[in-house]
Amino acid sequence: MQIKIQDQNIFKKAMKKYSTILILLLMMLIMTILNPKFLTINNLMNILRQQTPIAIMAFGVNLAIISGGIDISVGSVIAMAAVILAKFAKVDSSGAGYPLIVPIIASLLAGGAAGLVNGVVIAYGKVPPFIATLGMMSVARGIALIISKGRPITGFSEAFNFIGGGSFLDLPFPIYILLASYLIIYAILHLTKFGTYVFAIGSSQMAAEVSGVNVKRTKVLIYIISGIFTGIAAIVLASRTLSGQPAVGEGYEMNAITAAIIGGTSFSGGIGTAFGTFIGALIMGVLTNGMTMLQIEPATQMVVRGSVIILAVFADQYRNNYKS
Amino acid sequence: MLQRIGINNIDPNTKIKDLSVAKQQMCEIAKAISHNAALILMDEPTAAIPSNDVLTLFEIIRALKKEGKTIIYVTHKLEEIFEIADKVSVFRNGVHVDTLDTRTTNKDTLIQMMVGRDIVDLYAKEKAKIGDVVLQVENLSCSKKFDNVSFTLKKGEILGVAGLVGAGRSEIMETLFGIRQKKTGKIFISGKEVNIRSPRDAIKYGLAFLTEDRKNSGCFLPLSVRINTYIASIKQHSGRLFVRRKETVESTKRMIDALSIKVSSMEDQINNLSGGNQQKVLVARWLLTEPEILIVDEPTRGIDVGAKAEVHRLLVNLALKGKAIIMISSEMTEILAMSDRIMTVSSGRVTGFIDAKEATQEKILKYCMD
């Protein structure tokens with residue numbers, strides 16, 4: 001039976017659109033077969049809880065990659081933001097401290113400030129994004145260590161118990177933060193003028209310039225947003241552990257970038273979706289959780305995760321070979 | 001080595017990047033000669049060197065000839081051919097026209113051979129009513145690219161810009177559009193002086209620019225036809241933050257119909273379209289900005305004859321509506337068929353203005369090689 005050319009093309013398009021979800025479902029199926037305890041509500045909620053900070057960071061990093069850049073500082077910036085948040089979240093022995101809104105704003109501002117520096121260095125200093133954010137990776141980590149004097153800051157106010165561990169309508173509270181973050185990044189990337197500029201710059205910076213896009217200003221905003229999302233992730237992370245730890249976040253940028261690439265974002269720029277990154281983060285979460293349930297050693301897990309990103313980039317080049 | 005070819009003023013220890021372009025060229029020539037080859041090919045060797053160094057080069061060539069070496073010398077400077085060459089071969093559109101002895105021919109014959117017999121006009125320009133001056137450029141210059149460029153442009157006019165490759169035409173228009181920074185010069189739009197520091201400013205003042213290289217500075221290859229169409233006019237299709245999607249769909253559909261763009265869906269990647277259709281999308285992009293002045297750089301390069309005629313028709317229709325058009329083109333037939341006036345550019349300078357009535361290929365070519 002001959003399949004018409006038109007139908008073949010529709011099949012191809014559908015594959016492209018839904019392949020990431022299919023991969024996620026396939027992985028969940030395999031994990032459940034290997035260990036039936038995987039598919040419990042408790043475990044699935046755990047995956048979401050664990051992966052929320054990474055997913056939120058991935059939303060920001062995705063923005064940078066679509067624009068043709070990258071942000072590898074997020075793993076350190078989350079530590080810096082968490083530590084700064086902790087300083088304001090701390091209550092003294094009598095229970096007095098800053099209102100809840102203060103540490104939250106502090107975290108967002110810390111992330112945003114790091115992003116501002118990244119953005120200005122990249123857009124106006126014309127430093128390649130990899131180098132600029134590599135530098136920030138070190139700087140942010142250093143600042144986190146300086147502020148915290150090398151030790152975790154604990155003693156948060158009561159409110160953080162709820163943010164980190166509480167539930168609302170049977171779902172863990174962090175999931176609502178995750179959903180809100182997703183909706184915000186979806187709107188930014190796919191509904192705003194700014195989002196169009198991001199895709200344009202990633203496709204062809206020269207063409208964007210000629211078409212009247214303010215490339216410099218857009219780039220600065222991209223890294224500020226990436227920083228702010230890292231600040232949001234820091235709030236979730238610090239609330240879960242009820243501490244601001246300067247050592248946290250090592251390797252998170254790898255995880256976040258892999259999530260974006262698995263989700264369909266291309267390093268060549270101009271290609272990617274918010275939803276894809278979301279699914280990509282879930283895939284990484286299922287992978288890590290599954291490996292832990294199968295009692296695979298942490299070191300081996302690192303090898304697997306590294307291999308996954310290489311495979312994902314390989315698949316990306318095969319998928320998106322429009323640039324000759 | 002350098003002394004052998006008569007260059008005494010370059011210290012061999014200096015870095016190449018610290019030398020002037022002319023001196024760099026002399027080093028290149030020395031390098032070529034150092035290979036002791038029997039046949040030396042020189043491609044526009046005097047492009048960047050001053051006249052006394054040209055004389056030195058000719059001395060070197062004559063010396064090499066005496067040694068029995070053969071030299072192929074590529075140039076568009078006809079005077080040099082008659083000074084140094086024994087024979088001259090003329091090529092046109094990738095085809096060898098003829099080879100003559102330089103002693104039995106002259107400059108005009110060569111020009112005639114370069115121009116050749118013409119193909120019939122693809123589209124004859126309907127003459128639009130020429131209105132007031134809408135653009136005035138005075139003494140525009142850009143470091144190392146072009147100098148002292150002045151011209152005016154009237155409503156309804158198509159100003160053709162002719163010149164050899166590398167003459168600086170695209171650079172002039174890129175500076176006018178704010179892609180390059182000018183060194184000196186004033187720009188007046190409808191009589192008012194304007195300061196254009198970026199394409200954003202240029203678009204604000206009613207300018208539009210269809211670049212020469214649609215693959216690199218025109219199309220957003222991985223993006224849809226729709227985005228490629230509304231990008232330059234995005235502010236007119238949006239609120240403060242959000243893009244009004246429905247309006248972008250309507251505008252794109254309007255353009256697809258008006259320009260007969262062959263595409264199955266406006267969400268298709270523009271990369272999948274033919275060159276001609278891609279070019280039409282870019283024209284649509286700029287039409288949506290409702291410009292008063294449209295600059296097009298090689299608008300029909302690399303597209304089929306049918307699409308070519310359609311693009312020409314579009315440009316003429318714009319002129320009929322009172323818009324002003326600047327058209328850079330390296331195709332003689334196109335320039336002659338479309339322009340009301342032709343501005344010739346050579347080595348970064350404007351060498352002449354030719355009215356359509358008096359324009360011939362030979363005349364244009366002469367000015368382009370001035």
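1. Let's start with strand β8 of chain B, residues 184-189, which pairs with β9(B) in the antiparallel sense over three bridges. Pairing here needs at least two bridges found by DSSP, and strands are DSSP runs of E with at least two residues, while helices are runs of H or I with at least four, numbered from the N terminus. In this pair, B:Ile189 stands opposite B:Lys192 of β9(B).

2. Before going on, keep in mind that this is a predicted model, where local features need pLDDT of at least 70 and side-chain atom pairs count only at pLDDT 80 or more, though totals for chains, interfaces and linings use all residues. Residues are numbered from 1 along each chain as its sequence is written, with chains lettered from A and ligands numbered from 1 in the order in which they are written.

3. Now the whole sheet: in chain B, four strands line up as β6-β5-β8-β9, an open sheet with antiparallel pairing. β6 (146-154) and β9 (192-194) of chain B are at the edges with a single partner strand each, so one side of each has no neighbour in the sheet. On average, neighbouring strands are turned by 20° against each other, direction ignored.

4. What packs on this sheet? Helix α5 of chain B (residues 169-176) does, touching β5 (133-142), β6 and β8 of chain B. The direction of α5(B) makes about 115° with that of β5(B). Axes are lines fitted to C-alpha atoms (for helices, over the stretch in contact), and angles run from 0 to 180 degrees between N-to-C directions.

5. Zooming out, chain B has 13 helices and 14 strands. Its C-alpha atoms fill a box of roughly 75 × 50 × 45 Å along the principal axes. Of the 370 residues in chain B, 37% are buried, meaning that 20 or more other C-beta atoms, placed from the backbone, lie within 10 Å of the residue's own.

6. Over in chain A, the axes of α2 (residues 41-66) and α10 (residues 215-241) come within 8 Å and cross at roughly 180°. That makes α2(A) roughly antiparallel to α10(A), a label for angles over 145 degrees. Among the residues of α2(A) that meet α10(A) are A:Ile56 and A:Phe59.

7. Finally, the two chains meet: 20 residues of chain A are in contact with 23 residues of chain B, where contact has C-beta atoms, placed from the backbone, within 7 Å. On the chain A side, α8(A) gives the largest share, five residues.

Note on methods
Buried ≥ 20, exposed ≤ 12 C-beta atoms within 10 Å, placed from the backbone. Parallel < 35°, antiparallel > 145°, perpendicular 65-115°, else oblique.
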